[in-house]
Every structure is written in structure tokens, then in C-alpha cells.
Amino acid sequence: SKDFFCSNSRFKDENNNLLGYPICNPAHTHVSVCDLGDKNDMVELTSNHEPFETYFENTDLVSLFEQADGCPIPHLNIKDCRDEKDKTHALTDEVFGKSSNCFNTIIKQPKEKPYTMCLKSQCNEEDQVLEVFIGEFTFKCQNDFQIHSHPSYFGAVTFECPRLSIVCPGFNSCPASCSGKGVCDYSSFDRPRCVCFDENDKSVGCFGSFPRHAVNPEPASPAPISLPPASLVPIWLPPASPAPMSVPSSNFGAMWLPPVTPTLSPVSLPPVSLSPVPLPPTLSPISIFSPSNEAIGSPMLAPMPSASSP
């Protein structure tokens, strides 16, 4: 398919150098060379290679790019059009930079041969065209592979527009996806066009109208919530009394024991007999005798000696 594969075979010059015509890579970001060549001229590259697939009458023409099933692809990059440091300008008005792309070129004089140019360009989403800038001139690529003449060479040099869907992938759909305010119609036009919900909005991406809900607001009604029917899950409860337990026995194997239910037995206490407690005898009155050993009729306390008594 054009712009993806190539058919310009590499060749050897008088000094036996392997050369190739420059061609843009499929992404149109690099100047490349087609990897198609005569396998007899590439012995050092093909000596250990598996058998080649070939699609040409000359079965010696092969491609080294195995991932494409032997289809030749321009992937041997020479220089990057987006590299601002590159100063190897071959033709007038070439520009290297982040906004530059590779354009396949034909030089018609003295003999027609393929070439390439790095030119500044930008995708115009509104007009759905690729704009190419050469000096003070602006060229518009409206279709794939459209041909323009280079203004500095008076028709002796022409450049070809790339496949627009590759360089400007946004052209495959409506601008800004119609801003969410319209539908993209792929059937009625050469390119997809927005059909806006607001019939008065004629902009390419429905930029001039409000969202549908802002124009005709509709009250939001909550969706009914359906809950699953409640079902009671049976819960297993253990029996009140423990299950029989097997206790291993050294002589008789497993022995069954009845369930043990702890019970409190009444405690019998011996009767308690209380013996009378003997009380101490009654104290008799104390008789205090005078020095003359004569008893005093009533008990009395002896006076405490005073401090001044001898």
C-alpha cells in the first residue's frame, strides 16, 4: 500500500557502495531508505538469514525486515525532520524542528528522481487540511497524495502530500468529537461532519451551542432501587449436652463415656452443739487495811502520794 511500503531498490555505485534513494518513513517524521535490495549485494547481511519471502519477479530482491513478512518498508532512517540541530539542508526552504514533517519529493531536472524534504506544517482541525509552509507561501493538503510545486524551483521540484490520517489522526473523526453536543456523520460528506443538536449551531465542532441538558433541562428522577428479597438463613446451634466422646484405651481400644453434666451435690454438715461458756467468778469487795490492820467498812481507793511528800 502506498506510503507504507516501498519498491525503490538499493543499488551499488561505481565504488561498490550500497546506496538508496531517500524516501519518507511511514510516519513522515524521518528521511529514510527502503530496505529492499539484491541479496547478492548484501551477502554480509544475508549470509546467516533464513530463507526470504519475495514478491517480485526478480527473486533476488528481498527485504531484511522480517516483521512485515518480507514486505519492503522504508525504515532505514537517515535523519529526523524534527531535530532542530540538523543543518544538512539539501533543498531551499527546508526547515527542521518539532513541527516539521517529511514530504516525498520529485526532482524533474535533469533527470526525474525521488527525493525528500523536511518542511514545517500543521494540522488545521477546523478546515480539515494539512497546511505546509514554504517561505512566505502556505500550501493546503486537502487530500492524500496531492501534488504541489515548490515555489523556489519554478515547477522543477514538486512535493507530495502525505496520507492525512497518518500525519493528522484527528481527521479520521469529527473535530473535538462534536464537543459532546452533536453526532458525527460519516456518510454524507467526503470527511466526517458534525450534526449539532442545536440546528442553529453551524460550527465544525458544535462549539457555538450549549450542552443539550443546559438548553432543555430535564428533572432528574432517581432510579428505583431494587433490593433482593430478604431470606432468613437457618443458623445451626449446638445441642445443649455435649456429644459422646471416645477416649482411647490401651487395652480395649475406643471406650465410650457418657456425657458428663456437672451437678452440685448438697453438702451435709455435722450438727453443732453450743456448750455454755463459763463466766469468771464475781469479784469480791477489796478490803483495805489501815496501818493498824483494822478493816475499813467500805472499799476505797488509796490516795496517790503527792510529789511533795517525803
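1. In this note, a residue is called buried when its relative accessible area is under 20%, exposed when over 50%, and partly exposed in between, with a 1.4 Å probe and protein chains only. The model is predicted, and local features need pLDDT of at least 70, side-chain atom pairs count only at pLDDT 80 or more, while totals for chains, interfaces and linings use all residues. Residues are numbered from 1 along each chain as its sequence is written, and side-chain values use heavy atoms, with hydrogens and water left out.

2. Leu19 has a relative accessibility of 34% and therefore counts as partly exposed; its place is in strand β2, residues 18-19 (strands are DSSP runs of E, at least two residues, and helices are runs of H or I, at least four, numbered from the N terminus).

3. His150 is found in the loop between β12 (147-149) and β13 (157-160), and, with a relative accessible area of 1%, this histidine is buried. Leaving out residues up to four places away in sequence, His150 touches Thr92, Asp93, Met117, Ile134, Gly155, Val157 and Thr158, where contact means heavy atoms within 4.5 Å. A polar atom of the His150 side chain also lies 3.1 Å from the backbone nitrogen of Ser152.

4. Ser209 sits in the loop between β15 (193-196) and α3 (212-215) and counts as buried, at 7% relative accessibility. Apart from its neighbours within four places in sequence, Ser209 is in contact with Lys181, Asp198 and Asp201. With the side chain of Asp201, the side chain of Ser209 makes a polar contact at 2.8 Å (a pair of N or O atoms within 3.5 Å; within protein, one must be able to donate a hydrogen and the other to accept it, and residues adjacent in sequence count only if both atoms are side-chain atoms).
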